[in-house]
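Colleague: Please show me how to read a model like this one.
Modeller: Gladly. Let us look at the whole, then at single residues.

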Amino acid sequence: MDLEKIKEYRNTHSPYALRLGLWLEELGPGYARVSKTVGPDDLNPLGAPHGGVYFSMADHACGSAMACTGYMAVTVDASYHFLRAAKPGDVLTAEAREIKAGRTLYTMEARVTNEAGLLLGTGTFTFYRLEKRIPEEYI
């Protein structure tokens, strides 16, 4: 499986991630790192990034790590804990790591930090691995 090809595909064929400015920087078995710079369109009425930004980063990182299995998967459960807020202009990073790989259920953990390494939140995501393999042209 070509991890660079998966990374390239996910960086160019995920309309939602592209709209949010999410960039898959690193990918490996059971691991992914996604980054994003907080812009004015990411803010809530209080001037802080909307919670969906953090959640989406964590979900995209975990889903990308899941893609390394070579199978399609869907998120069946997710939990995210908001700890601190970022500021406009901050560069955020979501790192995902596999916690447990079962026959059909996979659990991933994500940590979202700012460029200073300050922990902004954590999430746990469970995926159901479908029987359908990711098409060869994507991997």
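**Reading the fold**

Modeller: In this protein, residues 24 or more positions apart account for 64% of the contacts with a separation of 6 or more. Contact means heavy atoms within 4.5 Å. This is a predicted model: local features need pLDDT of at least 70, side-chain atom pairs count only at pLDDT 80 or more, and totals for chains, interfaces and linings use all residues. Residues are numbered from 1 along each chain as its sequence is written, and side-chain values use heavy atoms, with hydrogens and water left out.

Colleague: How many helices and strands does the protein have?
Modeller: Helices (H or I, at least four residues) and strands (E, at least two) are DSSP runs, numbered from the N terminus. Here there are three helices and six strands. From the N terminus on, their order is α-α-β-β-α-β-β-β-β.

Colleague: Why is the protein said to be as compact as a globular protein of that length?
Modeller: The radius of gyration is taken over C-alpha atoms, and the globule rule is 2.2 Å times the number of residues to the power 0.38. For 139 residues the rule gives 14 Å; the protein has 15 Å, which is close, so it is as compact as a globular protein of that length. Along the principal axes, the C-alpha atoms fill a box of roughly 45 × 25 × 25 Å.

Colleague: What percentage of the residues count as buried?
Modeller: Buried means under 20% relative accessible area, exposed over 50%, partly exposed in between (1.4 Å probe, protein chains only). Of the 139 residues, 42% count as buried.

Colleague: Let us take one residue. Is S35 buried or exposed?
Modeller: S35 is buried, because its relative accessible area is 10%. This residue sits in strand β2 (residues 31–37). Beyond its neighbours within four places in sequence, S35 is in contact with several residues, including W23, E25 and M57.

Colleague: With which side chain does the side chain of S35 make a polar contact?
Modeller: A polar contact is a pair of N or O atoms within 3.5 Å; within protein, one must be able to donate a hydrogen and the other to accept it, and residues adjacent in sequence count only if both atoms are side-chain atoms. For S35, the partner is the side chain of E25, at 2.9 Å.

Colleague: Which backbone oxygen does the side chain of K7 reach?
Modeller: That of E25, at 3.2 Å. K7 lies in helix α1 (residues 3–12). K7 counts as buried because its relative accessibility is 16%.
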